[in-house]
Amino acid sequence: MIPLKLETLLDGRVVEQDRVEYKRGWNPTDTIHSICAYANDFTNINGGYIVIGVESDNGRPLLPPVGVGENNLDRIQNELFQYCNLIEPRYLPQLEIVEYKGAKLIYLWCSAGDAGPYSAPRDVLSKNNDERRKEYWIKPFAVKTAAKQDEKFELFEKFNSVPFDDRVNRKAKISDIMLGHIRDFLIESNSSLADDVYSRSVEDTLVSLEVANVSDAGVNVRNIALLMFSDYPEKFMPCAQIELVWFHSPEEEGSDDFTEKTFSGPLFRQVKEALGYIKNQVIVEKVVKVPGRAESDRFFNFPYEALEEALANACQHKSYQIAEPVEIRIYLDRIMIINYPGPALWIDMGEFREGKAISRRYRNRRIGEFFKEIDLAEKKSTGITKILRTLEKNGSPPPTFKTDSERHSLETIIWIREGFTAKKVFHRRPNFIISEPDEYNYELAIAGDKQAMTGDKQDMAGDKQAIKTGDKLAITGDKQAITGDKQDMVGDKQDMAGDKQAIKTGDKQAMTGDKQAVTGDRKQVIIDYLQTNEEARNVEFAELLGLSLSRTRYVLKPLIEDDIIEKCGDKKSTYYRLKVIS
């Protein structure tokens, strides 16, 4: 079974256009050339997809599909198998017959091959010897062509050096892979394998995902499987983790006032948890009311989307053969993300800084593919462009990209937006919003914290005095009770029984009231958040409320039933917004 659903492919958001070919009908020669080119994977993007039965316009599918006639399906499959035998060395793609909008389609997944380079005849139907001569077919960009001499040399060199994340790890065992992580990823990516993950063996699932190899000795796990689905990827790749340091004072590294956190586990979880921490603890939104205009200006000290792209890029392009983590260093005026090593030497840093550099090769071809499936990364060679675009939209300064002549590392620096001033960082509640004319002044906040602490001390002193006085009164009362007669003791017992009943009843009522108050508070937090952000997903509410996803759905349910909010979107992109009453 092909992991990526055909519906997701046709949507066009997850896979780049140059990794997909749509064909109206069955053309043996053209299809074999495409399969060969994807198997050679000249640009290290892990192959591509072919859909027979769909017309296209400039690489985009034209729907509804024309489909493949039912009486032609078996014939085309047999011929495809026959002509794939002409590819040298032999290569077979994964094939499925899929029904989509009433039409039968032939869906092929041509993953990057391991035994290439691969060659195929110029014309698989011709009897002419010259036309039967084999070529090494490649797709440097969106164009399919026979490799020239220098490109052939690159192909042979490429197959002698498979990207690290796609290599087999001889130290790993199947037991190092956690089925729960696989299922979480498949659900997030809306994969067709999600429903069957517990009814199939881990080995079958890994092979279907192309993250393990089958050999005579069994199933061999690749590095990408360990990075994405292991509890401890750092056990096999030292420092396969994200380390965050937050400096709370202007002295930065010269001060002892800092916070450290390490994010480990599956790589996609590391990225999401690190981003969640920054979103809840560091990012601040500012609202400025503009005279004569209903809408206010809203902007952030650090825009989330730019940080998301920068961190995903760092994890994707890091070398996991170098024992250095991805670093996040948070200062008062900037956030720095560091990965080791930096861009390849052939990349022009001037073009890189402008978002114009196009990568011919990826250090880790599979990480980027997995990140794109769960919307953690942009399409290839567009990440820097997104960072620039997001910062400009927020009114932030352009980023800084720093490296040395040997490209040992890359520092991506996101600068704080003008309008936010901070002399010392304080810990705040999540999703903090400030409004003009209030200044974003951390010193004021600290002063407020100190006053609150002073008030707490006074309260504690008062509590001690009350306890001391109460104890003396209680001791006096006890002495009187002891010297009293039996009738008083009986009365005391009756009073105690009544007190217990009252306390019990009162406690239950108080607990019920507390639960209702907490639920009501959470509902109000959700409503306030939607009034500010217009729409949000379940995971955002979970982070906001500090609850599990299932518990968050329980809080959302009555709001939906009372027509206060509404649930929108499909299964993969479900979101909530305030319901408009017409």
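## Two terms before we start

In this report, two strands pair if DSSP finds at least two bridges between them. In general, strands of a sheet pair through backbone hydrogen bonds, either parallel or antiparallel. With that in hand, we can look at a sheet in this predicted model.

## The sheet of four strands

This open sheet has 4 strands, placed in the order β1-β2-β6-β5, and their pairing is mixed. At the edges stand β1 (20–23) and β5 (94–100), each with a single partner strand, so one side of each has no neighbour in the sheet. On average, neighbouring strands here are turned by 20 degrees against each other, direction ignored.

Follow β5 into the sheet and you meet β6 (residues 103–110): the two pair in the antiparallel sense over 7 bridges. To find one of these bridges for yourself, look for Y100, whose bridge partner in β6 is A103.

## A helix across the sheet

Which strands does helix α2 lie across? Helix α2 (residues 28–40) lies across β1, β2 (48–52) and β6, and runs at about 170 degrees to β1.

Helix α2 also has a helix partner. Its axis and that of helix α3 (residues 73–84) come within 10 Å and cross at roughly 55 degrees. That angle makes α2 oblique to α3, and the crossing is right-handed. On the α2 side, the residues that meet α3 are P28, T31, I32 and I35, and on the α3 side they are L80, Y83 and C84. Sorted by class, this contact of α2 with α3 has 6 nonpolar residues, 1 polar residue and no charged ones.

## The sheet of six strands

A further open sheet is formed by 6 strands in the order β14-β13-β17-β18-β20-β19, again with mixed pairing. Its edge strands are β14 (258–263) and β19 (400–402), each of which pairs on one side only. From one strand to the next, the twist averages 15 degrees.

Inside the order, β17 (residues 326–330) and β18 (residues 334–339) pair in the antiparallel sense over 4 bridges. Here you can look for R329, whose bridge partner in β18 is M336. Helix α8 (residues 267–281) packs on this sheet and touches β13 (242–247), β14, β17 and β18. The direction of α8 makes about 15 degrees with that of β13.

## Two helices side by side

Helix α9 (residues 304–317) and helix α12 (residues 383–394) pack at an angle of about 160 degrees, and their axes are 8 Å apart. Why are they called roughly antiparallel? Angles over 145 degrees count as roughly antiparallel, and α9 and α12 are therefore roughly antiparallel to each other. Their crossing is left-handed.

From α9, the contact uses E305, A306, E308, E309, A310 and N313, while α12 brings G383, I384, K386, I387, T390 and L391. The residues of this contact of α9 with α12 divide into 5 nonpolar, 3 polar and 4 charged.

## How confident is the prediction?

For the protein chain, pLDDT averages 82, and 80% of the residues score at least 70.

Two stretches deserve a careful look. Over residues 425–431, pLDDT stays under 50, and the model has 24 contacts for them beyond four places in sequence.

Definitions and conventions
Residues are numbered from 1 along each chain as its sequence is written. This is a predicted model: local features need pLDDT of at least 70, side-chain atom pairs count only at pLDDT 80 or more; totals for chains, interfaces and linings use all residues. Side-chain values use heavy atoms; hydrogens and water are left out. Axes are lines fitted to C-alpha atoms, for helices over the stretch in contact, and angles run from 0 to 180 degrees between N-to-C directions. Angles under 35 degrees count as roughly parallel, over 145 as roughly antiparallel, 65 to 115 as roughly perpendicular and the rest as oblique. A crossing is left-handed if the near helix is turned anticlockwise from the far one by less than a right angle, and right-handed if clockwise. Contact means heavy atoms within 4.5 Å. Ala, Val, Leu, Ile, Met, Phe, Trp, Tyr, Cys and Pro count as nonpolar, Asp, Glu, Lys and Arg as charged, and the others, Gly among them, as polar. pLDDT is the predictor's confidence in each residue, from 0 to 100.
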